[in-house]
Structures are given as structure tokens and as C-alpha cells.
Amino acid sequence: MKFQIEEVTVYFPYDNIYPEQYTYMVELKRALDAKGHCLLEMPTGTGKTIALLSLITSYALAKTESPIKLIYCTRTVHEMEKTLAELKFLHNYQVKHLGAAAKMLAIGLSSRKNLCVNPTVSSAENRDSVDAACRKLTASWVRSMAAENPNQPTCEFYENYDRAAGGAVLPAGVYTLEDLRAFGKEKGWCPYFLARHMVQFANVVVYSYQYLLDPKVAGIISKEMQKESVVVFDEAHNIDNVCIEALSVSVRRQTLEGAIRNISRIENEIDRFKDIDAGRLRAEYNRLVEGLALRGDLSASDAWLANPALPDDILRQAVPGNIRRAEHFLHVLRRLVQYLKVKLDTDKVEKESPLCCHDASLAIKPVFDRFQSVVITSGTLSPIDLYPRLLNFHPVVSRSFKMSLTRDCICPMVLTRGSDQLPVSTKFDMRSDPGVVRNYGKLLVEMVSIVPDGIVCFFVSYSYMDGIINSWNESGILKDIMQHKLVFIETQDVVETTLALDNYRRACDCGRGAVFFSVARGKVAEGIDFDRHYGRLVIMFGVPFQYTESKILRARLEYLRDTFQIKEGDFLTFDALIDVMNIKLTDRNLNQRQAAQCVGRVIRSKADYGMMIFADKRYSRHDKRSKLPGWILSHLRDANLNLSTDMALHIAREFLRKMAQPYEKTGSTTGRKTLLSQEDVEKLGNNGAQEMLY
């Protein structure tokens, strides 16, 4: 459809639009008009990405006198590909209506691992190996050697790209990573370096957070970006942690051992160059002495002529200055590594100043200062007023939107006790209690017997998950679970977890049903979706607080308290609950933000449905519960608080029975209109859509 928001004609590639999408666009346009930054929270599954892309690209088409560039930052390659696919669909719609006037260049930029088409390089095991293999073929000194030695290997794709020079350009269009690889193979050009070159000319660039937040990467990739750019950080509920990680370095024993090996290799190379240079100097000295003797300038009877060798002290002084400086530099490096090894070998924890980066605003401040508008958006930004304090900026727009639904397709529950009325919690003094472990197991056994398809269970840590599973196995609870559904477990190995996820989905697809055990701060909580039949229920076992005795966490809490007056309890609860939300709705992360992230993975669209159980007595407290996103709180009824296992089982049965009934998707018969036609949109003022949400 095509509609107006004030002076901007918005091109939206679908026949209907959600009311919250329309109001989201209105608020986003306010921020763009003000040339300021904004915070926008909208539930997962409500079309946030296409709303962003439609409004910003349409805004650029309407403001041709002051063109803007869109820099869209995602957390994962999977999200990048989804964004580019949405943009390609939108672009085709705009071209259909506007023709050549809508032409744009949009590209995704990722690591060499995801773009390399050289089979020798791309076959390497991991990203670091691919980067190293690429540099061995494309570095300037390697190419200089190849010019003199034809046997020196180089990359034919890079050489072809370099020879093309100014002719190596991308035609207008939207290019996913696969499109870039295909184009590179067709032309014989390196897609990675081509994409890096075209970033400065593209209308839309989609890449990772690190390309803007990490100073080392941003200085190479993003230094040419124009000020008249709109930067979008999507799924930005954890952006403060990303900022801190970008300015922090973690040193492990393996890192130091690798550093020592590399220092030794460099020392060997320096010794080799010293021997070469010393040999050349001796030969030149001998030729000089022999020439002088032949001319008669030296007395043949001089004793030193009998052994015309250059003294060692002269040789040492003749070593080129750059090599002497290299020796001194390596000596300093070796002392630094030894110092760090001593620090790691001690049993006593020592705190020195600084301990690590605590201020997230340091990494993102250059982005706020440099670019015209920065949009921070996610499905879980509650409490939304905390982010301006953490990131030290002043948004011109800060809004949280609800989800308009024709039926109550989300059923959150707070379970505080088991069937035996004993309280359940993962508090440190309760988590190992046999009664808690048993009641958690009984809850899952009851739920797998009535919930169809897939169930996802999140635990507070890997160690706690391992202990629970072992206890359930010994008591026979795990066997009871597997009588109804297959069980798959996330591990800290990426390959194993990917295989487990694939088999989990296959079990759900074939009707067997499955349970997936995961960790709130693990791989699954960050960006893996359990929509439709892959996640009819998410259970959050406990509150995923960070380890409060961590020296780094304690230092950060102290900094937040002294600098921003953020109470320790408020931050810990916020961090724990945001991620719990993301599991069932498909786009979120865990602590409150961890908890929100997890359960938010359940709902991917308004036609979807799912339940979420917060299994810990602490969720019944208002101060904890209030930190959950508004779209979850709006469905969390008083009757669903403080439940026992039996009560939760009854509510789940009733909910599933209700979801099995046919329903009217547009809401026109219920008075809760959730799909707007073009005619509906044309009748709306800027405030009309808000009134239609509920």
C-alpha cells in the first residue's frame, strides 16, 4: 500500500498494516525531522523491521534535496540476511511504483568467512583462520614478493579486483551476502574487498554492531560514512554490554602462550636478518681490505691483515637501527607477557585501576556525536528510561508500543510452588534443594503430556542445567519426559548445539514433539527463534541474575551507582528480566532482560500463540515483575500469579483449547481492529492509530 505521513509518501509492500506499525512510523519520522536520536520498543512479531525500512527509505525518497544514508546494524549474520531479504522485497515494490527513481544500492558487509569465494581460503575452519589465510595472499608485501617471484601464491579474485580499479563497482540493487558471492564469482572479483569499497557509495549498508562501536574496526570500515546518516541498532536490548565488550580485552592463559610462541618466531626472524646483514658486511669489509692492499695503501706486514675479520662490537653497531629497535620492542613485549602470566598464576584476586570498562557511553558517544539520527530499537527495552542513563544521551523520542491482538494469544504465568505447595526458586540457598529439583521436574513432566509440538526450557547457567538434568536422570523424571517428547540439550560447543537445534526442529516437524534445554545467556537466547510449532511453551527455571560476586560486576555496579545513581538491585533485576522475554516471541535476550529475551522467542506473528511460565517465587514480587516489557505485563493477569503446578496445568489446558478455535484475524467483528487497509490508514490522523490499539 501507499499512504502519507505528513509530507512523506510511505511505500509499504503489504496490503495491510498493523496499527502499531503505523504509529511506530509516525514516531520514527518525528525523530528524523528533529535530526535527533530515539528509543523505540515494539513487541516481536509486529513487523518492526519492515516498518523501519519502509519509513526511512521513503523518507530518503521524499527528501532528495538532502539525501540520507541508512546504516542498519544487526547482532548476527542471520538477522542481517533477514533484513536484506525484507529490503529487497520492499525495493521491488518501490521500483514497481516509481521506476528508476527508486533505484538504490544496498549491501551487507560481513567478515571474510561469510564472503570469501576463494576455495583455498574459505575452506579454513574458523573466521580467524580465514582472515589469516586471506592476508597471506593479499597483503602488500606478499604481492610485492609475487611481482619478483612468479611462484609466490596470491589470490586471483583479489588480483582481478585490483586490476579492475575504478571499474570494480556494483550496479544498483539490493545485495545479500549470497548475492555478493555470486556476483564476485561471475566477475572474478573478491566480494569482500568489493563490498568494503562500495560501502561509502551505498544508500543502505547492513552490518554488525562492531563495525560502528569497536574503534579498531570502525576506523577502517566506517570512517568515510557521511554525517547525514540514520543509524539503526536493531535488537538493541543488550547494546550497553556490546559497547563495554568493544572497549574491553579478556586475557586467557592460551592467549599468553600463543603470544610467547609468536615472540619467539619473530626473534628467530630477527636473528636470521642479523646473520644475513652481518655476512654482507664481512664480505664488503674483506673486499675493501683486499682492494687497499692491492693498491699498496696498506702494509702487507701489518698483523691485523693476517686475520681481516670485523670485530664483534663493530658488527653489533652495524646492525640496522630498525632491527635494534625491534629487539628492544620484543624485550618489552616479553616482559609484559611474563607480567600477565604472573597475574594469572596467582590464587589471590587483585584489583588494579582500571579493572575494565564500565561506561557503555564511551563506545557509542562517537556514534551519537557523528551521525544525524541514531535509532535504538528492540522488542524489549523496558524499563525504557534506563537506556538514556546507561548510554548518556538525550532521545528526542522515547516510546513503547503495545501489540494489537484480536485474541489473547500470549499466556504468561508465574509459578511459585509445586504440587506439594513447596516454593520453587533458583536462589542460591534453594537451588540445590531436592524438593525444588523434583518440583521443576514434575512441572515439565505434566506440561509435556498436554502441550503439543515444541517446548523450550531455559536455565540460569550451564552448571545448573547439568546438575538438574543429572538429578532428573537419576530419579527417572527424564525418562518420563522422553515418553512424551524427545530431549535435546544446548552445549557450549557451537557445532553440537547447531546439530541439536536442527534435530529439535525435525522432531517438531514430524509430529514427534521435542523439548530443548538451553541457558538464558547461551547461544539459543541470542537470536534463535522458536516460532509456531517450534515453541508452544517456554519455561524459565529461575531468575537469571548475573553472578553477583564477580569482581567485574561489582565494579560496574559501583560505577553505575556513583555515576548514574542506578541502584544495584534495579540494574540486576533489569538485566535478568529483559532476556527472559525473548524466547517465545522470537526476537529477545536474559537477566530481566535475559528472562524477557528467552520467553520472547515464542511468538513470531499475531497468528502464532504460545505460553510462558516464569518458574520462581521471586517473579511474584511486583518490583521484579514490573521490569518485564509492557506487552507481556498486559497479558499477565492476577489469576496467573502465584500458581502451583496443578493450577498452571489447568490454565494451560484452557488456553490450548481456546487457541484451537477459529478466529477472525482482522478484528473487524470484535471492535479491536488489528489490520488496517489503505482506506483505514487514509482516515487516520497521526494520533488515530494509537486509539485503535486496544
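Let's start with Q421, which lies in the loop between strand 11 (410-415) and helix 19 (434-450). When I say helix or strand, I mean DSSP runs numbered from the N terminus: helices are H or I with at least four residues, and strands are E with at least two. The phi of Q421 is near 70°, a positive value in a residue other than glycine. Q421 counts as partly exposed because its relative accessibility is 45%. On that scale, buried means under 20% relative accessible area, exposed means over 50%, and partly exposed is in between, with a 1.4 Å probe and protein chains only.

Okay, some ground rules. This is a predicted model, so local features need pLDDT of at least 70 and side-chain atom pairs count only at pLDDT 80 or more, while totals for chains, interfaces and linings use all residues. Residues are numbered from 1 along each chain as its sequence is written, and side-chain values use heavy atoms, with hydrogens and water left out.

How confident is the predictor, then? pLDDT is the predictor's confidence in each residue, from 0 to 100. The protein chain averages a pLDDT of 83, and 84% of the residues score at least 70. Where pLDDT is low, the predicted coordinates should not be read in detail.

Now the overall picture. The secondary structure of the protein chain comes to 31 helices and 16 strands. Of its 694 residues, 51% are buried. Take the contacts with a separation of 6 or more: residues 24 or more positions apart account for 73% of them. The chain exposes about 32,200 Å², and carbon and sulfur atoms supply 52% of that. Those areas come from the Shrake-Rupley method with a 1.4 Å probe, and for residues only the protein chains shown count as cover.

On to the inside. A nonpolar core here is a set of buried Ala, Val, Leu, Ile, Met, Phe, Trp, Tyr and Cys residues joined through side-chain atoms within 4.5 Å. The largest one has 116 residues, and those with the most contacts inside it are F3, Y207, F233, I239, I364 and I376. What does I376 contact, leaving aside its neighbours within four places in sequence? Its partners include C38, L39, L40, F233, I364 and F393. There's also a second, separate core of 74 residues, with V437, V460, V519 and A520 among them.

Helix 2 covers residues 48-62, and its 15 residues reach 21 Å from first C-alpha to last, close to the 21 Å expected at 1.5 Å a residue. The expected span is 1.5 Å times one less than the number of residues. Helix 2 is mostly covered, with 12 of its 15 residues buried; K48, L52 and Y59 are among the buried ones.

What about cysteines? A search of the whole structure finds zero disulfides, a disulfide being a pair of cysteine sulfur atoms within 2.5 Å. For C243, the nearest cysteine sulfur is that of C357, 8.5 Å away. C243 counts as buried because its relative accessibility is 0%.

S222 sits in the loop between helix 12 (215-221) and strand 8 (229-233). Is S222 buried or exposed? Buried, because its relative accessible area is 0%. Not counting residues up to four places away in sequence, S222 touches Y207, Y211, L212, V217 and R370.

R556 is in helix 23 (residues 551-564), and R556 is buried because its relative accessible area is 8%. Beyond four places in sequence, R556 touches D240, N241, I244, H358 and F571. D575, in helix 24 (residues 568-578), counts as buried because its relative accessibility is 0%.

Now for a leucine. L499 lies in helix 22 (residues 494-509), and L499 is exposed because its relative accessible area is 53%.

Last stop: E6, found in the loop between strand 1 (2-5) and strand 2 (8-11). E6 has a positive phi of about 55° although it is not a glycine. E6 is partly exposed because its relative accessible area is 49%.

How values were computed: Contact means heavy atoms within 4.5 Å.
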